[in-house]
Structure formats: C-alpha cells, structure tokens
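Trainee: I have a new model open and would like to learn how to read it. Can we go through it feature by feature?

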Amino acid sequence: MSTLVVEDLRKTYPAAGKAAAVEAVRGLSFEVRRGEFFGLLGPNGAGKSTTIGCITTLVRPTGGRIAVDGIDVVARAAEAKRRLAVVPQNRNLDRDLSIRELLLFHGLYFGLPRAAREERALRLLRELQLQDKADSKPAALSGGMQQRAMIARALMHDPALLLLDEPTTGLDPQARRALWDLLKEQHARGLTIVLTTHYMDEADRLCERLAIVDHGRILTEGTPQALRRSLPGGRVLDLWARGGAPLGERLGALAGVQGVEPVTDDEAAHPGVERLRLFVETQDGLLDRVLHEVRAAGAELDHVSLAQPSLEDVYIHLTGKELRE
Amino acid sequence: MTAFLGLLRRDLLVAWRTAPFLLTSALTQPALVILVFGNILPRLGLVADEFRTVMVPGLMAITILMSGVQGVLMPLAADLSGTREVEERLLAPLSARMVAFERIVAGAIQSGIAGLVALPVMMLLVHQVSGVDVKPDWALLLPLVVVSGIVSAAFGLNLGTRVQPRFSGLLFAVVLGPMMLFGCAYYPWASLDALGSVRFVFLVNPLVFMSEAMRLAVTPEVAHMDPLGILAGLAVFAGLLCWAGARSFESRTIL
Ligand SMILES: Nc1ncnc2c1ncn2[C@@H]1O[C@H](COP(=O)(O)OP(=O)(O)O)[C@@H](O)[C@H]1O
Ligand SMILES: [Mg+2]
C-alpha cells in the first residue's frame with residue numbers, strides 16, 4: 001500500500017478583498033510508496049506549499065482526495081495527523097519554550113508516555129546535535145539549528161511520513177549539506193520522505209523519484225535518471241550569441257541537433273544576447289557546424305558550453321523557462 | 001483528549017512563567033479604582049458611601065473580563081503572526097475546533113485565577129481605605145467565576161480572530177472601554193430601572209451578567225438581577241461566543 005496517495009488535488013484560494021481567486025493547485029496526482037524518498041520540484045508559486053498544506057490538513061482542498069496510510073486526511077484528520085509530520089517552509093517553533101521542552105510537549109500532544117517522551121527527546125537532541133542548545137529558546141538558535149530542531153520535533157511522534165517544505169532555502173552551504181546527510185540517514189532507516197524544493201541539485205541528490213510541478217500541475221514524473229534520459233539527444237549545448245539574424249531555426253536544422261529552445265528568461269540582464277539551449281547528440285564536427293552557422297548569420301558567439309543534461313534542462317525543456325528563485 | 005490536555009498544560013506553564021506580569025496588569029486597575037473611589041472621592045463628598053460595596057464585584061467582573069481577553073489575545077497574536085506558530089497546535093491529533101476551545105479554557109483558567117486573586121486583595125483594600133467589610137459566598141462564587149472566565153476568554157477569541165491586527169490598538173477605546181462603562185460594573189442592574197426600557201439595550205453586553213453574577217456572590221445584600229436571569233445570560237453568551245469564536249478561529253487558521 002502507498003504511504004501517500006494524492007488524487008486529482010485541487011485548491012483555489014478564494015478571492016479576498018481586491019485580490020482575485022488563485023488556482024494554486026489544478027489537478028495534482030501522485031503516490032509515494034513506503035520507504036520512498038519523493039520530491040516535488042518546482043519554482044516559487046508552483047503550488048508546492050499548498051500541496052503540503054493540503055496533505056497536512058492545514059489547507060482545505062477544493063477537490064480531490066488525499067490519503068496517508070490509507071486514511072483520508074479530510075474525513076479522518078486527527079488519525080491522519082498521527083501518521084504524518086511536517087517541517088514547514090517558515091520556522092514555526094514554539095517561541096515560549098526551550099528546545100527540550102518543545103520536543104517533550106510535542107510528544108505529549110501525541111500521547112507518548114512520559115518515559116518514552118524523555119528517552120526520545122534525549123536521543124533526538126543528541127542525533128541532531130542540539131544538546132548544547134537544549135535549554136535555549138528557538139530565537140537563540142541559528143537558522144540551520146532551528147531547521148534541525150523542527151526535524152527533531154517532527155520525528156518525536158515517530159511518523160510514517162515526513163514532509164519537508166523547502167528545508168534548505170536560506171541555509172548556508174555547510175548547513176545545507178549537513179541537512180542532506182541527515183535526511184539521507186533518516187531515509188536509510190526506512191522513513192518515507194516527501195521533500196519540496198526549487199533546487200535541482202537537491203532534488204537530484206536526494207530524491208529517488210520526483211515530480212516536476214509548475215502552475216499547480218505535474219509536468220513530468222520519474223527517477224532523476226529517467227527524467228534526464230527523456231531529453232532528446234543526450235547532451236546539452238548552451239549557446240549565447242550577440243547580433244545577427246535569429247539563430248534558432250538555422251541551428252535546429254543542423255545534423256546532430258535534436259532540438260532547440262530559446263532561453264527567454266532574464267533578458268533584461270543580458271540585453272541583445274540570444275540565448276539558446278540545443279539538445280544534441282555528440283557527433284564529430286558538431287561544434288564546427290554550429291560555429292559556422294553562427295558566423296553565417298552574422299552573429300558573434302558570446303559563450304558556449306557542452307554538458308550532461310541536468311534536471312534543470314529537463315525543466316527548461318518542459319516549460320521553456322529557467323527554474324530560479 | 002491527551003492532545004487537548006497537553007496543549008492546556010503547555011499554555012498554563014507559559015502563563016505561569018509570566019504570572020507576575022499578568023497579575024500586575026490584572027490588579028493595578030482595580031486597586032487604583034478602590035483607592036480613588038473608595039477613599040479619596042467619598043472623603044471629598046463626591047461619591048456616596050454605598051458605592052464602595054457596589055464597585056467591588058463590578059471590579060472583579062472587569063478583572064475577569066480583561067484577563068480572559070488578554071489571556072487569549074496575546075497568545076493568539078503569536079499564533080496568527082507571520083510564522084504561524086498555530087501550525088504546531090493544528091498538527092496535533094485533534095480538530096481545529098478543539099484547538100480553539102483549548103485556547104478558551106486556558107484563557108478562562110487564567111482569568112478565573114486573576115479574579116479570585118483580585119477579590120481578597122480588593123476586600124483587604126476596601127477594608128483598609130474605607131473600613132467596609134465584604135463577605136462573599138465562596139461556594140456560589142466559584143462556579144460563577146468559571147462561567148464568567150469562559151465568557152471572557154471566548155469573547156477574546158472572537159476579538160482576536162475577527163479584528164485585524166492593525167486595529168487591535170482600537171480595541172480598548174472602541175470595544176472594551178465602552179463595555180466596562182456600560183457593563184453594570186459601577187452600578188447595579190437594578191438601578192437602571194430609572195432608564196425605563198432603554199436598560200434592556202445594556203443586555204447585549206456580556207459584562208452586565210458577569211457583574212451581576214459577582215454581585216450575587218460577593219455582596220448578596222445589594223440588589224441584583226434574578227439568579228436565573230444571570231445564569232441564562234451567562235450560559236447564552238458562553239455558548240454563542242464559544243461557537244462563533246471556534247468557527248472564526250477555524251476559518252482564520254485552516255486556509
Ligand atoms: N493563503 C493564500 N491565499 C491566497 N493565495 C495563496 C495563498 N497561499 C499561496 N497562494 C498562492 O498560491 C500559489 C501557489 O503558492 P504556493 O503553494 O505557496 O507555491 P510554492 O510553495 O510552490 O512556492 C501562488 O500563486 C501563491 O501566491
Ligand atoms: Mg512554498
């Protein structure tokens with residue numbers, strides 16, 4: 001049985017005052033198997049947090065069905081809440097309690113007996129390296145530590161499913177890596193994890209399977225490897241040219257070029273530069289032919305790079321825009 | 001139920017830690033009023049002597065109201081702030097309605113304690129400044145304090161969830177101030193006979209019933225509203241305010 005089933009989820013935030021209604025999620029479906037590390041990858045505003053909110057009962061779905069361990073989160077909210085835990089995008093630690101206390105109280109809310117609460121809080125404080133700050137209030141902790149404290153809190157009631165909403169946004173690179181290691185370790189112990197992110201490398205590194213979301217819909221779904229393989233060609237060639245006639249069609253016609261996509265994002269930062277992404281097969285003489293075409297169009301080559309396709313390329317291929325903050 | 005009790009324990013622990021602050025803010029006003037109205041003004045001949053016994057239960061009702069409202073409003077402000085600390089409560093295995101109701105119970109306990117601490121303090125003060133003795137019926141007082149606390153905290157929940165934070169500064173001037181002046185705290189309901197049927201307009205104010213309830217239990221010798229009327233009024237307000245408050249809490253927190 002799947003630990004999480006999301007079926008045709010829809011959420012429209014009603015109009016409020018002058019703000020129009022927002023269709024944040026428009027028919028999202030996915031399943032997460034027991035023990036799986038699943039990712040929702042998408043830009044800001046894609047509907048990731050809304051989806052997490054619906055799964056955790058904090059947002060009321062407009063339509064569709066969500067079940068955690070087979071328990072409908074709308075009809076049997078309290079039971080579903082026992083099985084899930086969430087590390088939200090915003091830091092919402094109880095500011096009136098010390099870290100140790102807020103772990104113990106979390107355990108109390110979930111009905112853990114006293115001895116079990118204390119034993120588990122102690123263990124999590126140790127595992128997440130929070131002992132030194134156990135008796136401090138959240139405000140005295142760094143961002144990375146608050147993040148770990150939220151994970152410790154989430155693990156207090158031994159959930160079947162852990163959801164993390166953009167857990168590394170705003171962390172420094174070191175704290176980010178530490179968090180990745182921590183999540184991998186929890187996953188290795190059998191925890192089912194759903195993570196949202198707008199970082200490609202994060203999704204690529206952590207997730208066994210992921211869905212790319214945009215505008216409240218899933219564009220594609222699969223393992224990171226399969227998603228990369230789904231691109232035409234096998235390599236990506238990034239090319240910036242300045243001046244001259246438009247290059248897209250010319251280059252697309254070349255042998256070995258499987259597809260061309262304009263990178264339209266960020267035009268303001270690079271005025272007068274045509275940015276193209278070519279999906280290519282590596283062939284002898286390909287770069288030569290490309291260069292020749294650019295010259296023939298009267299353009300000047302600004303930059304060229306050949307790379308293994310990344311998830312970002314998959315995203316650009318699907319949406320025609322770059323995935324950025 | 002464990003989740004409910006756990007949240008209650010957490011709230012009472014946090015309130016206990018700020019108890020000196022909470023009690024100071026609850027007791028200052030009644031103490032000063034007793035000093036001015038119980039000693040200075042009567043000596044100047046500006047206030048009738050009976051006022052001393054009239055105001056004690058009224059001040060107690062006001063203390064309960066203000067502590068109850070504060071006891072819910074302040075934590076609610078953190079709950080609904082940008083960081084949404086309320087999520088931790090909403091994720092506990094109980095319904096959003098019960099989360100709201102727990103807030104009311106926590107506020108009611110705080111306000112009941114404030115009222116029960118205020119009363120002996122006021123009795124002592126009144127005795128000191130004017131030599132008047134008040135003899136409350138404690139057995140009757142206790143349940144009335146509990147219900148009054150629930151009414152106050154539930155009222156606070158409605159204020160906190162229905163009034164936008166930027167207007168919260170106006171609450172005292174526009175809502176709580178008038179409530180206190182028109183809440184039969186400084187004059188018994190019976191004396192409003194002089195106003196004819198206009199006096200029934202006063203009944204939209206829950207503080208009227210709280211003041212009369214305290215009057216009934218603290219100074220039974222002073223004319224007060226029919227006990228059944230008091231109970232009915234408190235029960236109706238408690239039910240209505242809890243229901244409306246929980247609904248509005250739910251719609252503010254579950255998006
Ligand atoms: N409480 C809300 N009320 C109205 N609109 C909202 C609310 N929360 C999010 N939205 C809108 O819904 C869309 C999806 O937002 P969100 O789920 O936060 O996306 P993500 O987490 O992927 O950045 C955005 O357009 C956002 O502005
Ligand atoms: Mg988000």
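Trainee: What share of the 325 residues in chain A is buried?
Mentor: Buried means under 20% relative accessible area. In this predicted model, buried residues make up 51% of chain A. The accessible surface comes to about 14300 Å². Carbon and sulfur atoms hold 47% of that surface.

Trainee: How many helices and strands does chain A have?
Mentor: Chain A has 11 helices and 14 strands. Its C-alpha trace spans about 75 × 45 × 45 Å along the principal axes.

Trainee: What is the strand order in the open sheet of 4 strands?
Mentor: Strands pair if at least two bridges are found between them. Here the order is S12-S13-S11-S14 in chain A, and the pairing is antiparallel.

Trainee: Why is one side of S12 and of S14 left without a neighbour in the sheet?
Mentor: Strands S12 (257-262) and S14 (300-307) of chain A stand at the edges, and each has a single partner strand, so one side of each lacks a neighbour in the sheet. From one strand to the next, the twist averages 20°.

Trainee: How many bridges join S11 to S13 in chain A?
Mentor: There are 8 bridges between S11 (residues 235-242) and S13 (residues 273-280) of chain A. Arg235(A) stands opposite Val280(A) in S13(A).

Trainee: Which strands does helix H10 of chain A touch?
Mentor: Helix H10 (residues 286-296) packs on the sheet and touches S11, S12, S13 and S14 of chain A. Its direction makes about 155° with that of S14(A). Helix H11 (residues 311-319) of chain A also packs on the sheet, touching S11, S12 and S13. The direction of H11 makes about 105° with that of S13(A).

Conventions: Residues numbered from 1 in each chain as written. Chains lettered and ligands numbered in written order. Predicted model: local features only at pLDDT ≥ 70, side-chain atom pairs only at ≥ 80, totals over all residues. Heavy atoms only, no water. Helix = DSSP H or I, 4+ residues; strand = E, 2+ residues; numbered from the N terminus. Buried < 20%, exposed > 50% of the residue type's maximum accessible area, 1.4 Å probe, protein only. Areas by Shrake-Rupley, 256 points an atom, 1.4 Å probe, with all protein chains shown as cover. Axes fitted to C-alpha atoms, helices over the stretch in contact; angles between N-to-C directions. Contact = heavy atoms within 4.5 Å.
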